[in-house]
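The following dialogue shows a student how to read features of a protein model. Please look at the sequence and structure before reading on.

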Amino acid sequence: MKMPFSRYCLGLLVPILLLAGCGEKAGDTSTAAAAAPEVKTYEWKMVTSWPKNFPGLGRAPETFAEYVNKMSNGRLKVKVYGAGELVPGFEVFDAVSQGSVQMGHAAAYYWKGKAPAAQLFGAIPFGMNAQELNAWFYYGGGLELWREVYAPFNIIPFPGGNTGVQMAGWFKKEINSVDDLKGLKMRIPGLGGEVLKKLGGIPVSMPGGELFTALQSGAIDATEWVGPYNDLAFGLNKAADYYYYSGWHEAGTALEFMVNKDAYESLPKDLQAIIDVATQAVDLDMLNEYTARNNEALDTLVKREGVDVRPLPEDVMSALKKATKEVLAEQAAADPVFARVYESYKAFYDRVKAYHQISELEYYLNRQ
Ligand code: CA
């Protein structure tokens, strides 16, 4: 993102500073001041898949807008819209692709109908955690692949936060065996839904804002959402009795910023750099927020709300793992782009997992 200093000066600074910083002759002062160009400002819209200001997910786009406004000294203003304010939560991708808005914030697995490989940039069952997935994006070729997959849609994606390991979800009845998944109508996005289907369940797709009503009314039997921090915010504990872990289907879900390519390319280089850096800052900030808030919220759910928190039985977990392998093989066989991206994902995962076995995991098992 480096640029020649003279271009930086021309693009960024008002003429009087331009004279001082870029070595113009002193005699040009009056002419330059008289011809002072207006500072060009940009007003962008960002639509999201979340309720406005929702903890974590909905805070990230607001934080992004605040960072960009400050860093650009008001030259780039981004107005954030919650799901349904301009477009429904599941139409964010189309809105950014068509250019009716400049940006979106969502999760890549929502767009599996547009490009099956998109799911690999959100979360895959039993896949990489937050730390590993970010490493793949930034140092393992993942982001380049992501941009390639979104290029036909005129969208430039950026990692836009991570929830960390999620929870398996809220169930209205106990899950004691794989048979209990048969006929289970559960809201679960992406590949996790395909895995559930393989075990006889019925995956349902719906935006977060509709979950509480759907679960409470019995339209669905179970739902996953995110984790204690977000699940408590929706009051999901009031709609189902059992809270299962762990989030086998989403071990470190990446969120995404999407920028319309034409809009991005219309910006001067320094504003493009501000977008690049702000997305990275928000990416880290969201994970920090979840790490801090999830444990507090779980404490509240258990101690104040009396929630029954339990692990999924081992045989259920084993069946989910086996079904995941089959689903991933089927997806790769059906779509060459998915196959190529998954090859990169898996190669990176295998390497990082081997080291994390003796570093992160060993430390988790032994720490006090
Ligand atoms: Ca989730």
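Q: What is the mean pLDDT of the chain?
A: The model is predicted, so local features need pLDDT of at least 70 and side-chain atom pairs count only at pLDDT 80 or more, while totals for chains, interfaces and linings use all residues. Residues are numbered from 1 along each chain as its sequence is written, and side-chain values use heavy atoms, without hydrogens and water. pLDDT is the predictor's confidence in each residue, from 0 to 100. The mean for the chain is 92, and 90% of its residues reach 70 or more.

Q: Where does pLDDT stay under 50?
A: Where pLDDT is low, the predicted coordinates should not be read in detail. Here the stretch is residues 1-29.

Q: Which protein donors does the calcium ion have?
A: Donors are N, O and S atoms within 2.8 Å of the metal (3.2 Å for Na, K and Ca); water is not among the atoms, so sites may look incomplete. In this model the donors are Gln166 (OE1), Glu224 (OE), Glu224 (OE), Trp225 (O) and Glu250 (OE), at 2.1 to 2.8 Å from the ion. Along the chain their spacing is Q-x57-E-W-x24-E. Distant parts of the chain are linked here: glutamine 166 is in the loop between β4 (155-162) and β5 (169-171), and glutamate 250 is in the loop between β9 (242-245) and β10 (254-260), 84 residues apart. Helices (H or I, at least four residues) and strands (E, at least two) are DSSP runs, numbered from the N terminus.

Q: Are glutamine 166 and glutamate 250 buried or exposed?
A: Buried means under 20% relative accessible area, exposed over 50%, and partly exposed in between (1.4 Å probe, protein chains only). Both glutamine 166 and glutamate 250 are buried.

Q: Which side chain meets glutamate 224 in a salt bridge?
A: Side chains of opposite charge can pair when their charged atoms come close. A salt bridge is a side-chain nitrogen of Lys or Arg within 4 Å of a carboxyl oxygen of Asp or Glu. Glutamate 224 pairs with arginine 187 (2.5 Å, N to O). Glutamate 224 lies in the loop between β8 (222-223) and α10 and arginine 187 in strand β6, so the bridge ties together parts 37 residues apart in sequence. Glutamate 224 is buried, at 0% relative accessibility, and arginine 187 is buried, at 2%.

Q: How many salt bridges are there by this rule?
A: The count comes to 21. Among them is a network that links Lys198, Lys322, Glu326 and Glu330.

Q: Which peptide bond is cis?
A: Most residues other than glycine have a negative phi, and most peptide bonds are trans. The bond from tyrosine 245 to serine 246 is cis, with omega near -5°, and serine 246 lies in the loop between β9 and β10.

Q: What is the phi of asparagine 53?
A: Its phi is near 65°, a positive value in a residue other than glycine. Asparagine 53 lies in the loop between β1 (42-48) and α4 (59-71) and is partly exposed, at 38% relative accessibility.

Q: Which residues form a nonpolar patch on the surface?
A: Patches are made of residues with over 30% relative accessible area and no salt bridge: like charges are joined within 9 Å, nonpolar side chains (Val, Leu, Ile, Met, Phe, Trp, Tyr) within 5 Å. Accessible areas come from the Shrake-Rupley method with a 1.4 Å probe; for residues, only the protein chains shown count as cover. Leu361, Tyr363, Tyr364 and Leu365 form the patch, with about 460 Å² of accessible area together. Tyrosine 363 lies in helix α14 (residues 336-366).

Notes. Contact means heavy atoms within 4.5 Å.
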